[in-house]
Amino acid sequence: MANISKEQYNDWKYFCETIQATSSVNVLEEKTTQDARIKRAKTDFNYFVTEYLRVYADCDCADFHIKAANKIVHGKRDPDDPNLVAVLEWPREHSKSVIATIAIPMWMIANGKLNGMILMGKNEEDACTLLGDIQAQLQFNDLFIHDFGEQFNRGDWQTGDFTTKTGIRFAAYGRDQSPRGARKGEKRPNYAVCDD
């Protein structure tokens, strides 16, 4: 954060405050209501996005967003090759970055399926900026934290390379950098995104 301007810092602060304002928790909510929300959120991607990521979701997800997320998170894999390589070729302004770098990995966390994430951008600075959006969600999204646990991990929460309390590492790399050694303990990244 040392190399940013005061304006950039104020924009970041405003974004984090907006996340908190759009993710408030009803303290009078009954446990059964919370349990029902969590259960639905784990299986219904559109509901997950519109409930937990309101800062982005001013309408429902498109069918192709839902189809891609379901394939990536809940899709059936070949037992001999559990890997999936997907190319999201959607027109400009169709939420590729939000879906791929924020919504899907957060949905994977909600479902207990994310071990680690690598985000590669055209350069390290751009990758760090993209990764900063999910970092802000994991730190300031009160409803997500309320339902799926605190993610913020003091001492291991820096721009471009941070690890959640549960040991999920997020790392940003530029095109010319190698992600070799990106594991955290026994957890190897199982989700990677290349975004321009």
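**Close-up views of a predicted model**

**View 1. Helix 3 crosses helix 5.** In this predicted model, the axes of helix 3 (residues 45-52) and helix 5 (residues 96-110) come within 11 Å of each other and cross at roughly 105 degrees. Helix 3 is therefore roughly perpendicular to helix 5, as an angle of 65 to 115 degrees counts as roughly perpendicular. On the helix 3 side, the contact is made by F45, F48 and V49. Their counterparts in helix 5 are I99, A103, I104, M106, W107 and A110. By class, the residues of this contact between helix 3 and helix 5 are nine nonpolar, no polar and no charged.

View 2. Strands of a sheet pair through backbone hydrogen bonds, in either a parallel or an antiparallel sense.

**View 3. Strand 2 pairs with strand 3.** Two bridges join strand 2 to strand 3 (residues 161-163), and the sense is antiparallel. Within this pair, W157 is opposite F162 of strand 3.

**View 4. The largest pocket and its lining.** The largest pocket holds about 1,100 Å³ of space. It is lined by 32 residues, of which A86, A100, A192, V193 and C194 are the closest to its centre. Helix 4 (63-74), helix 5, strand 1 and strand 5 each contribute at least two residues to the lining. Helix 5 gives the most, with five residues. The lining divides by class into 17 nonpolar, six polar and nine charged residues.

Key: Residues numbered from 1 in each chain as written. Predicted model: local features only at pLDDT ≥ 70, side-chain atom pairs only at ≥ 80, totals over all residues. Heavy atoms only, no water. Axes fitted to C-alpha atoms, helices over the stretch in contact; angles between N-to-C directions. Helix = DSSP H or I, 4+ residues; strand = E, 2+ residues; numbered from the N terminus. Parallel < 35°, antiparallel > 145°, perpendicular 65-115°, else oblique. Contact = heavy atoms within 4.5 Å. Nonpolar A, V, L, I, M, F, W, Y, C, P; charged D, E, K, R; others polar. Pairing = 2+ DSSP bridges. 1 Å grid on protein atoms, 1.4 Å probe; cavity = no way out; pocket = protein on both sides within 12 Å on 5 of 7 lines; lining within 4 Å. Points joined across faces, edges and corners; volume = space filled by probe spheres on them.
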